[in-house]
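Work through the following exercises with the sequence and the 3D structure at hand. Try each task before reading its solution.

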Amino acid sequence: MTNFSVWAPNASDVHLHLDGEDIPMHPRPCDHAAAADGWWCSDAEMAPGSRYGFRLQLGDTWTDPLPDPRTRRQPDGVTGLSQVYADDFEWGDDHWTGRILPGQSIYELHVGTFTPSGTFAGVEEKLDYLIELGVTTIELMPVQPFGGERNWGYDGVDWHCVQESYGGPDGLKHLVNAAHNKNIAVILDVVYNHFGPVGNYTGMFGPYMSTAATDWGDVVNYCDSGSDEVRAYVLEAARQWLTEFHIDGLRLDAVQTMVDTGAIHLLEELSILATEIEATTGIQKTLIAESDQNDPRLVAPRGASGLGGFGLDAQWEDDLHHALHVLTSGEEHTYYRDFASMDALAQTIAHVFYHHGNYSSFRGRKHGRTLDVDAVPAFRFLAYTTTHDQTGNRPAGDRPSQYLSAEKLVLKAAIVLCTPYTPMLFMGEEFGAQTPFPFFCSHCDDALDRLTREGRQRQFRYQGMNEETVAAMPDPADPETFQSAKLDWDFTEENARVLEAYKTLFRLRSSLRFTRPWLSELTVEHTDSWIGFGYADAFIVANLSDSEVTAPYTGTLVYSFTDPTIGEEGTLLPPWSFAILTDVHHTS
């Protein structure tokens with residue numbers, strides 16, 4: 001059994017508040033020139049189940065008991081006392097060896113709205129459904145504790161802890177154990193670029209934040225004075241998920257907002273940590289970055305000559321989403337405006353990034369870096385038709401399935417699933433869900449709820465939304481906004497039709513080997529109305545227009561959602577349709 005300790009360099013004195021009693025703590029002996037300075041210790045033992053917190057003397061004032069920044073359990077929410085957590089879960093996944101990234105199919109879900117119960121147990125009940133769909137990996141949106149009971153998860157504050165209303169730490173372990181026993185990997189979305197606005201007391205303990213800010217809160221201190229312990233705080237959390245919780249990988253939120261000017265970036269340290277854990281456990285661990293910088297250095301090998309890669313396994317690829325969205329919806333506001341051409345779609349399929357050092361009109365400057373398609377395999381980039389961001393960061397949170405036809409939905413899915421990139425689905429898209437996914441929160445503070453609502457409205461006005469659209473935005477703090485986001489599992493005939501198409505596309509993706517690693521081997525051809533890409537033995541032609549078109553490719557029709565006609569001059573495609581072909585020949 002261990003003793004209590006806390007890093008609190010901002011405090012002149014610290015008391016442990018344990019089961020209602022205040023117990024003085026003492027500074028941990030150390031070299032005062034070392035980064036470990038600022039730790040306080042107690043002789044009291046950490047008995048499982050005990051409630052505790054820390055009272056800090058800041059100047060002449062003592063704080064109320066505050067939860068532990070490294071708390072493992074918060075049974076009363078982010079503002080309550082911490083609880084000593086006993087790690088006594090009995091695992092049954094000794095056979096599990098993990099999943100390498102090539103060949104994976106990822107399914108992003110929000111625990112609170114994926115099922116009626118909004119719990120890890122609810123997700124567990126859907127594992128067989130996901131297997132039948134063709135999913136190999138589930139990616140959980142953040143599950144760290146947040147203010148209230150309703151949140152996307154990106155307002156988390158306790159980075160070693162699990163939201164109680166979802167099922168707490170044991171609930172998460174039970175889900176991971178069950179998933180592994182069904183041959184499904186589990187990736188956890190983590191937020192290491194800011195803390196949420198409710199329950200964040202870290203700044204009272206020490207220099208967890210720097211003076212800069214993101215759109216969501218203060219930047220985490222990764223390179224200023226005292227940052228060694230902050231970096232250790234993050235690395236300890238990552239190690240905990242990848243070892244104790246048997247998590248198979250981490251999705252790292254908005255890494256471009258992590259300010260780190262040191263010689264070894266925190267992302268590189270996380271990559272090194274994952275490699276060490278793989279070496280000691282024999283189980284693959286996958287790190288996936290979200291970034292809007294179009295920078296392949298994220299996934300380049302560590303120490304690559306002249307490149308200085310971070311060594312992450314994969315990164316989200318928004319450009320393909322943007323091109324597909326513009327071509328099927330007609331929306332061209334803000335960052336979409338550069339993607340309003342078939343050439344943009346062709347560029348993203350062939351080279352990952354549309355912006356690769358060229359001009360971005362939204363940013364008013366050049367953006368991105370060119371990818372060497374012979375050096376970085378395609379599976380290191382995640383492709384998708386939508387995500388929680390691309391749906392939820394619309395005023396109404398309306399899904400593509402709420403404003404596009406089934407033909408357009410399946411067309412987008414076919415294009416994504418026939419690329420060599422790693423596909424990712426957002427929960428419900430596979431059956432054309434008609435429930436929205438708006439932004440929701442429950443900060444339990446009227447003023448903060450108001451500021452959140454007004455901030456999102458300002459953002460939408462900046463994006464060029466009209467006032468009527470902005471005014472119709474559902475209130476994020478209204479419980480009905482959260483309830484509206486829960487998936488409806490009572491399928492209509494149209495839902496079933498779309499779902500069957502997704503299942504077929506997943507099967508064909510594997511059997512026809514659309515997953516080949518090198519983009520240089522991929523053939524891509526297009527006009528203003530159609531696009532075709534693939535290989536001699538597996539090819540897709542797609543019509544992204546309101547008129548019939550003939551693409552100059554013939555072959556054996558393997559699958560289509562509509563009724564194309566294969567003729568001597570090519571494949572006649574109805575509006576918004578596709579055809580997957582084998583034994584392919586170009587007719588011109």
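This is a predicted model: local features need pLDDT of at least 70, side-chain atom pairs count only at pLDDT 80 or more; totals for chains, interfaces and linings use all residues.

**Exercise 1. The whole chain**

Task: Find how many helices and strands the protein chain has, and decide how its radius of gyration stands against the globule rule.

Solution: 
- Step 1. The protein chain holds 15 helices and 28 strands.
- Step 2. Its radius of gyration is 25 Å, and the globule rule gives 25 Å for 588 residues. The two values are close, so the chain is as compact as a globular protein of that length.
- Step 3. The C-alpha trace spans about 85 × 50 × 50 Å along its principal axes.
- Step 4. As for burial, 58% of the 588 residues count as buried.
- Step 5. Take the contacts between residues at least 6 apart in sequence: 70% of them join residues at least 24 apart.

**Exercise 2. The partners of β28**

Task: Which residues stand opposite Tyr 553 and Tyr 559 in β28, and how many bridges join β23 to β28?

Solution: 
- Step 1. Strand β28 covers residues 577-586, and seven of its ten residues are buried.
- Step 2. Strands β23 (residues 538-543) and β28 run antiparallel and are joined by five bridges. At Asn 543, the bridge partner in β28 is Ser 577.
- Step 3. Strand β25 (residues 553-559) also pairs with β28 in the antiparallel sense, over five bridges.
- Step 4. Tyr 553 stands opposite His 586, and Tyr 559 stands opposite Ile 580.

**Exercise 3. A charged residue**

Task: Is Glu 268 buried or exposed, and which side chain of opposite charge is nearest?

Solution: 
- Step 1. Glu 268 lies in helix α7 (residues 266-281).
- Step 2. Glu 268 is buried.
- Step 3. The nearest side chain of opposite charge is Arg 302, 4.9 Å away. A salt bridge needs a distance within 4 Å, and Glu 268 has none.
- Step 4. Leaving out residues up to four places away in sequence, Glu 268 touches Arg 302 and Phe 310.

Conventions:
Residues are numbered from 1 along each chain as its sequence is written. Side-chain values use heavy atoms; hydrogens and water are left out. Buried means under 20% relative accessible area, exposed over 50%, partly exposed in between (1.4 Å probe, protein chains only). Helices (H or I, at least four residues) and strands (E, at least two) are DSSP runs, numbered from the N terminus. Two strands pair if DSSP finds at least two bridges between them. Lys and Arg count as positive and Asp and Glu as negative; His and the chain ends are not counted. Contact means heavy atoms within 4.5 Å. The radius of gyration is taken over C-alpha atoms; the globule rule is 2.2 Å times the number of residues to the power 0.38.
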